[in-house]
Amino acid sequence: MDAEKYLRQIRTEEEKIRRKKEEKDRWETIAASTTSDMGGERVQSSGNPQKMADAVIRCVEIQMEIDASIRKLLEIDRVVSGIIKNLPAIEHDLIYKHYIGMVEKDEKGNTKIAYLSLRDIAVQYNKSYPWATAVHRRALKKVQDMMDQKEKDGEK
């Protein structure tokens, strides 16, 4: 796998986890808004009596999927961090901010991961966009070389 595609897996997994959490929240809302029949006489039946159970089961399944994605993300992050720690400081910083992301608080105070564009990174360094793309290319080449060496050595 090429270095850029491998590095992009981090963002892909984080996005997958975010979507799954939103889906789980929707199912939890369905489960919470569905009442179960506690016995007694019912005048009219409305909907599926298994709706709450189905929603709870779906929540558990989604949580298992989220847990699996988190394990995958942590493994990718471990490998990537092990590789990029060997890069020179500026290349490390660029790769980290562009692919791994920075933890930030949004306007509501919620924690989120923010990924900087190469343009934003160039502005932070008071450099030009072509400078950022050149550093990016050079860093990706080094990451690819390290990944190829690990593969050659039989490491994961």
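Which residue lies over the face of Tyr129? Arg119 does, at 4.0 Å from the ring centre; a charge counts as sitting over a ring if NZ of Lys or CZ of Arg is within 6 Å of the ring centre and within 35 degrees of the ring normal. Tyr115 has a charge over its ring as well: the charged end of Arg11 sits 4.1 Å from the centre.

The model is predicted, so local features need pLDDT of at least 70 and side-chain atom pairs count only at pLDDT 80 or more, while totals for chains, interfaces and linings use all residues. Residues are numbered from 1 along each chain as its sequence is written, and side-chain values use heavy atoms, with hydrogens and water left out.

The structure holds one aromatic pair. It joins Tyr125 and Trp131, whose ring centres are 5.4 Å apart and whose planes stand at 45°, so the pair is tilted. Rings of Phe, Tyr and Trp (its six-membered ring) pair if their centres lie within 6.5 Å; planes under 30 degrees apart are stacked, over 60 edge-to-face, and the rest tilted. Tyr125 is partly exposed, at 27% relative accessibility (buried is under 20% relative accessible area, exposed over 50%, partly exposed in between, with a 1.4 Å probe and protein chains only).

The largest nonpolar core has 28 residues, of which Val80, Ile84, Leu94, Ile95 and Val143 touch the most other members. Such a core is a set of buried Ala, Val, Leu, Ile, Met, Phe, Trp, Tyr and Cys residues joined through side-chain atoms within 4.5 Å. Two or more residues each come from α1 (3-33), α2 (51-84), α3 (89-100), α4 (118-124) and α5 (129-152), and α2 gives the largest share, eight residues. Helices (H or I, at least four residues) and strands (E, at least two) are DSSP runs, numbered from the N terminus. Beyond its neighbours within four places in sequence, Ile95 has contacts that include Leu7, Ile84, His136 and Leu140, where contact means heavy atoms within 4.5 Å.

The strands remain. β1 (residues 102-105) pairs with β2 in the antiparallel sense over four bridges; pairing requires that DSSP finds at least two bridges. Five residues separate β1 and β2 in this hairpin, and Gly109 in the turn has a positive phi of about 90°. Lys105 stands opposite Thr111 in β2.

Lys112 is also in β2 (residues 111-114). With 39% relative accessibility, Lys112 counts as partly exposed. Met102 is 10 residues away from Lys112 in sequence, yet their C-alpha atoms are 8.2 Å apart. Outside four places in sequence, Lys112 is in contact with Met102, Val103, Glu104 and Asp106.
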